[in-house]
Every structure is written in structure tokens, then in C-alpha cells.
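Subject: Structure handover

Hello,

Here is the structure you were waiting for. Notes on what was found in it follow below.

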Amino acid sequence: MKERIIALAKACGADVVGFAPASRFAKDDPVFRILPQTKTVIGLAFRVLRGAYRGIEEGSTFYQYTTMGVENMEETVMPMALLRVANLLEEEGFVALPQRRHQQIVSGEEDTSPEMVHQRIYRGKKKEVQMDFLAAAVTCGLGERGLHNALLTEDFGPMVRYCFLLTNAALSPDEIPPTSLCDRCGKCVAACPGKAIDATGRVDPWQCAVYYKGANGTRNPFLPKDAFATREDRLALLAGEARLSPQSAKEILEEPNAYPHVSHSYESSLCGRACDVACYVHLEERGVLKKRFKSPFRKRPEWKLDLDFFQKEEE
């Protein structure tokens with residue numbers, strides 16, 4: 001059964017498949033609130049095409065990462081794989097409950113999901129139980145936790161997305177591989193255009209949301225000269241130096257967008273996942289990724305726009 005699941009999952013686009021027994025999860029883990037009879041958690045990880053990041057890396061096209069690397073993965077590729085594998089398990093008489101992120105629903109009144117359009121998030125929904133996706137991915141042996149709280153895989157580094165199946169089928173577990181990828185170099189921290197990651201790797205989701213959407217003027221060619229004109233901290237915001245509270249972040253996120261979001265309420269990433277890209281470049285330079293390409297991802301120094309464009313408006 002396990003071999004059939006792996007073969008089907010990979011035929012549906014999964015690149016890494018891992019199995020964790022229920023015994024690896026604490027008794028109060030959300031897994032058991034979702035499906036109390038869980039015996040195995042099956043993790044599926046899917047590569048995000050390296051090419052999907054190239055447009056932002058080159059400064060030439062920005063829409064493709066979000067449409068092909070986020071929206072189509074989360075709304076088409078991954079759900080279809082989950083359904084196909086769940087069908088296989090149910091055909092054999094087992095329960096199979098697919099689990100994919102639902103970023104529009106958050107439990108806290110002040111929580112947010114940087115990938116989602118701020119106004120489309122439903123907050124304070126504590127009864128909608130959701131897994132700890134990153135912890136489950138590590139527990140299933142899909143990869144290790146990076147400094148910036150990304151899943152790092154041996155082949156693709158942080159350029160992956162992942163989902164799960166909970167089942168009452170008892171399947172042989174995979175080992176959790178030893179950590180070997182993240183050397184805590186801090187390049188992910190330094191790369192964030194809004195300094196949303198601190199030195200310990202803690203990510204401020206509101207700070208992240210604002211700069212994911214493109215508040216840094218040196219990295220967003222779509223901002224008009226009068227962007228954020230009513231804000232006293234305008235230049236600090238454009239330089240990525242402003243420190244934002246949830247309230248000030250909401251105000252910025254509610255201003256007219258200089259670039260459109262995509263159809264399923266995913267915010268377009270104008271930062272291009274700078275933290276993940278910096279991590280990937282570092283892993284590639286170290287030669288620790290098993291998947292090799294004919295040329296390095298980073299071919300030239302990163303491009304940067306001049307803040308004088310906005311300062312002249314101030315005058």
C-alpha cells in the first residue's frame with residue numbers, strides 16, 4: 001500500500017512523500033482533533049519551479065511567481081494529488097482526510113496570512129482547527145526547519161509547497177533525516193526588504209505582509225511617485241526601515257494596490273520571496289542541494305531601484 005501511495009503521489013506531481021506514525025505527534029496535537037483515529041500522517045511536498053522565481057530575480061515579470069508558484073499549486077496541483085491519493089486509500093476501505101492550508105481562516109483576531117489579501121481573511125475562527133504544517137512536514141521527514149521558518153528539502157531547498165493526508169491506515173514510517181542544510185547564516189534575515197525576520201528567525205507576519213505586497217520602493221517598480229503620501233514615515237516605509245504595528249500595517253494594506261492580486265485572493269508577491277531565494281542561492285553556492293542545474297540561479301548582482309524617485313516628490 002505504501003509503495004502504491006508513493007507511486008500515485010509522484011505521478012500526480014509530488015516530489016517528496018513522507019510517512020509519520022501517530023505516535024510522533026503529541027496527544028493534544030491538532031491532528032487528533034481533526035481526525036481522532038489518525039494512525040498515519042502522509043506528507044506530500046511539491047517543487048515550485050525554479051523558473052517561476054526568475055521574473056522577479058530579473059525584474060522583468062512579477063505575476064508568474066504568484067500565479068504558477070502559489071495559486072495554481074495550492075488550488076489545482078496539490079488538491080488533485082490529495083484527492084487521488086485519498087481515493088486510493090478509500091478504495092481500500094480506509095479513512096483519508098486531505099489537509100491543505102486555508103490561509104483565509106485564522107484563529108486570532110490580530111493574526112494574518114501574508115500571502116492572502118488582507119481584507120479577505122476571516123479572523124478569530126478558533127473552532128476551525130488547522131494543523132501546524134511546518135511541524136508536520138518535519139515530522140513526516142519531508143525536510144528540516146530553516147532559520148526563517150521555511151521547510152528546506154534536500155533537492156529544492158525552500159522552493160516547495162506541501163500538504164498532508166490523515167488516515168487510519170497503519171503504514172510503515174519514514175525516518176526523520178538529520179538536519180544538514182540550514183547553517184543559520186542569516187542571509188534570509190538580511191534579504192527581507194522589510195526586515196520582517198529577526199536574528200532568531202521569528203517572522204513578524206504583519207511586517208511581512210506589507211513588504212510581501214511591495215512597500216519597499218527599491219524593489220517595486222510599480223509604485224507611483226506619491227506612494228504612501230499621507231504617511232509621516234513615508235520614506236522610512238519605502239526604504240524598508242519602518243516598524244509597523246498590526247494597525248499601521250492594516251492601514252497600509254488597505255491603500256490602493258499598485259499591482260493586482262490573483263483570482264483566489266492570493267496577494268501578488270512583489271518581494272519575490274526574497275528570504276527563500278537568498279536561502280536557495282546560499283544552499284546552491286554551498287553545493288548541498290542534490291538537485292543540480294546547468295547554471296546557477298543568481299547570475300548577476302541583485303537589481304535595486306533608487307529612492308530618489310520618491311524623495312523628489314517630497315520636495
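Phe62, Tyr63, Phe222, Tyr259 and Trp303 form one aromatic cluster. Please keep in mind throughout that this is a predicted model.

Aromatic pairs

The structure holds nine aromatic pairs. One of them joins phenylalanine 222 and tyrosine 259, in a tilted arrangement with 4.5 Å between the centres and 40 degrees between the planes. Phenylalanine 222 belongs to the loop between α7 (205-212) and α8 (234-238), and tyrosine 259 to the loop between α9 (246-253) and α10, so this pair ties together parts that are 37 residues apart in sequence. Tyrosine 259 is buried, at 13% relative accessibility, whereas phenylalanine 222 is partly exposed at 33%.

Phenylalanine 310 is buried, with a relative accessibility of 2%; phenylalanine 309 counts as partly exposed at 35%.

Salt bridges and charges over rings

The count of salt bridges comes to 19. In one of them, arginine 50 meets glutamate 284 with an N to O distance of 2.7 Å. The two residues are 234 apart in the chain: arginine 50 is in the loop between β2 (40-47) and α3 (54-58), and glutamate 284 is in helix α10 (residues 274-286). Arginine 50 is buried because its relative accessibility, 15%, is under the 20% cut-off. Glutamate 284 is partly exposed, at 22%. The charged end of arginine 50 also sits over the ring of phenylalanine 293, 3.9 Å from the ring centre. A second case of this kind is arginine 54, whose charged end sits over the ring of phenylalanine 297 at 4.8 Å from its centre.

Glutamate 58 and arginine 300 form a salt bridge too, with their closest N and O atoms 2.5 Å apart. Glutamate 58 lies in helix α3 and arginine 300 in the loop between α10 and α11 (308-314), so parts 242 residues apart in sequence are tied together. Both residues are partly exposed: glutamate 58 has a relative accessible area of 32%, and arginine 300 has 45%.

Arginine 100 pairs with glutamate 75 in a salt bridge whose closest N and O atoms are 3.1 Å apart. Here the separation is 25 residues, with arginine 100 in the loop between β3 (96-99) and α5 (133-139) and glutamate 75 in helix α4 (residues 63-91). The relative accessibility is 31% for arginine 100, which is partly exposed, and 27% for glutamate 75, also partly exposed. Elsewhere, Glu74, Glu115, Arg161 and Arg273 are linked in a network of salt bridges.

The sheet and its helices

Four strands make up an open sheet in the order β1-β2-β6-β3, with antiparallel pairing. β1 (16-21) and β3 are the edge strands, each pairing on one side only. From one strand to the next the twist averages 20 degrees. β3 and strand β6 (residues 160-167) run antiparallel and are joined by four bridges; proline 98 stands opposite leucine 165 in β6.

Helix α1 (residues 2-11) lies across β1 and β2 and runs at about 145 degrees to β1. α4 packs on the sheet and touches β2, β3 and β6, its direction making about 20 degrees with that of β6.

Regards

Notes
Residues numbered from 1 in each chain as written. Predicted model: local features only at pLDDT ≥ 70, side-chain atom pairs only at ≥ 80, totals over all residues. Heavy atoms only, no water. Salt bridge = Lys/Arg side-chain N within 4 Å of Asp/Glu carboxyl O. Buried < 20%, exposed > 50% of the residue type's maximum accessible area, 1.4 Å probe, protein only. Pairing = 2+ DSSP bridges. Axes fitted to C-alpha atoms, helices over the stretch in contact; angles between N-to-C directions. Contact = heavy atoms within 4.5 Å. Phe/Tyr/Trp six-rings, centres within 6.5 Å; stacked < 30°, edge-to-face > 60°. Lys NZ or Arg CZ within 6 Å of the ring centre and 35° of its normal.
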